[in-house]
Amino acid sequence: MTSQPDRPRVTYPAQTGAPPGDMAAVLRRNIEAMRDQRKREEAEATRGERLAARITDFTGSLNFVYLHLLLVGFWVAANLGVIPGVPRFDRTFVILATIASVEAIFLSTFVLISQNRIAALSEKRADLDLQINLLAEYEITQLVKLTTSIAERLDVEAAQDRELEEISQEVAPEAVLNELDSKK
């Protein structure tokens, strides 16, 4: 008897205490598992990553746009002499341009930090998707072999279908990757 490799725990309706066929219970459990994973990922974020995410969230909002419209509008109006009682302090707008340039440097850095974290999480999720797909492919292949064997014992004519023979072959992921690479 060969030992089975460690496999992710799969929950079926009967394991949740739900009546058979209650896929909603499985769905709820899976959603909770995803929420828990996202909470763990948030907890693993460094203080700098959380700060960058908050800054990026704010700078990507309409409130940030409104704030800038207000501040830049005031700056321009004051320095054009449109606002009575407010002295001109940047007649050439060089200070405004400098502040805007420095702000753009910092904002783009915060955006890049946030994008790097999002990319790392996306790669982790893509790896999980790949593993689940490979596991599903393996399980389907085993089911095809089993049902073909049963069909052969029962003398079902469809069991001799060449297509069944082809899909009962296990897929080697590296062969698929090599094929994809050769198409580039």
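## Exercises on an all-helix chain

Among contacts in the protein chain with a separation of 6 or more, 44% are between residues 24 or more positions apart. The model is predicted. Work through each exercise with the structure in view.

### Exercise 1: The whole chain

**Solution.** 
- Step 1. Read along the sequence. The pattern is α-α-α-α-α-α.

### Exercise 2: Thr141

Is Thr141 buried or exposed? Find its surroundings too.

**Solution.** 
- Step 1. Thr141 sits in helix H4, which spans 94–153.
- Step 2. Apply the cut-off. Buried means under 20% relative accessible area. Thr141 has 1%, so Thr141 is buried.
- Step 3. Check the polar side-chain atoms. One of them in Thr141 lies 2.8 Å from the backbone oxygen of Glu137.
- Step 4. List the contacts, leaving aside neighbours within four places in sequence. Thr141 touches Ile167, Ser168, Gln169 and Glu170.
- Step 5. Compare with Glu166. Glu166 belongs to helix H5, residues 162–167. Its relative accessibility is 61%, so Glu166 counts as exposed. From Thr141 to Glu166 is 25 residues in sequence and 10.0 Å in space, C-alpha to C-alpha.

### Exercise 3: Aromatic pairs

How many aromatic pairs does the whole structure hold? Classify each by its geometry.

**Solution.** 
- Step 1. Search the whole structure. There are two aromatic pairs.
- Step 2. Take Phe58 and Phe64. Their ring centres are 5.6 Å apart and their planes meet at 85°, so this pair is edge-to-face. The class needs planes over 60 degrees apart.
- Step 3. Phe58 is partly exposed at 40% relative accessible area. Phe64 is buried at 14%.
- Step 4. Take Trp75 and Phe89. Their ring centres are 4.9 Å apart and their planes stand at 75°, so this pair is edge-to-face.
- Step 5. Trp75 is in helix H3 (residues 62–79) and Phe89 is in the loop between H3 and H4, so the pair ties together parts 14 residues apart in sequence.
- Step 6. Check burial again. Trp75 counts as buried at 17% relative accessibility. Phe89 is partly exposed at 39%.

### Exercise 4: Thr56

Which side chain makes a polar contact of 3.0 Å with the side chain of Thr56?

**Solution.** 
- Step 1. Thr56 lies in helix H2, residues 47–59.
- Step 2. Name the partner. The side chain of Ser114 makes the 3.0 Å polar contact.
- Step 3. Widen the view, leaving aside neighbours within four places in sequence. Thr56 is in contact with Phe110, Val111 and Ser114.

### Exercise 5: A nonpolar patch

Which residues make the nonpolar surface patch of about 470 Å²?

**Solution.** 
- Step 1. List the members. They are Leu143, Leu146, Ile150, Leu154 and Val156.
- Step 2. Pick one, Leu154. Leu154 lies in the loop between helix H4 and helix H5.
- Step 3. Test its exposure. Exposed means over 50% relative accessible area. Leu154 has 62%, so Leu154 counts as exposed.

Definitions and conventions:
Residues are numbered from 1 along each chain as its sequence is written. This is a predicted model: local features need pLDDT of at least 70, side-chain atom pairs count only at pLDDT 80 or more; totals for chains, interfaces and linings use all residues. Side-chain values use heavy atoms; hydrogens and water are left out. Patches are made of residues with over 30% relative accessible area and no salt bridge: like charges are joined within 9 Å, nonpolar side chains (Val, Leu, Ile, Met, Phe, Trp, Tyr) within 5 Å. Accessible areas come from the Shrake-Rupley method with a 1.4 Å probe; for residues, only the protein chains shown count as cover. A salt bridge is a side-chain nitrogen of Lys or Arg within 4 Å of a carboxyl oxygen of Asp or Glu. Helices (H or I, at least four residues) and strands (E, at least two) are DSSP runs, numbered from the N terminus. Buried means under 20% relative accessible area, exposed over 50%, partly exposed in between (1.4 Å probe, protein chains only). A polar contact is a pair of N or O atoms within 3.5 Å; within protein, one must be able to donate a hydrogen and the other to accept it, and residues adjacent in sequence count only if both atoms are side-chain atoms. Contact means heavy atoms within 4.5 Å. Rings of Phe, Tyr and Trp (its six-membered ring) pair if their centres lie within 6.5 Å; planes under 30 degrees apart count as stacked, over 60 as edge-to-face and the rest as tilted.
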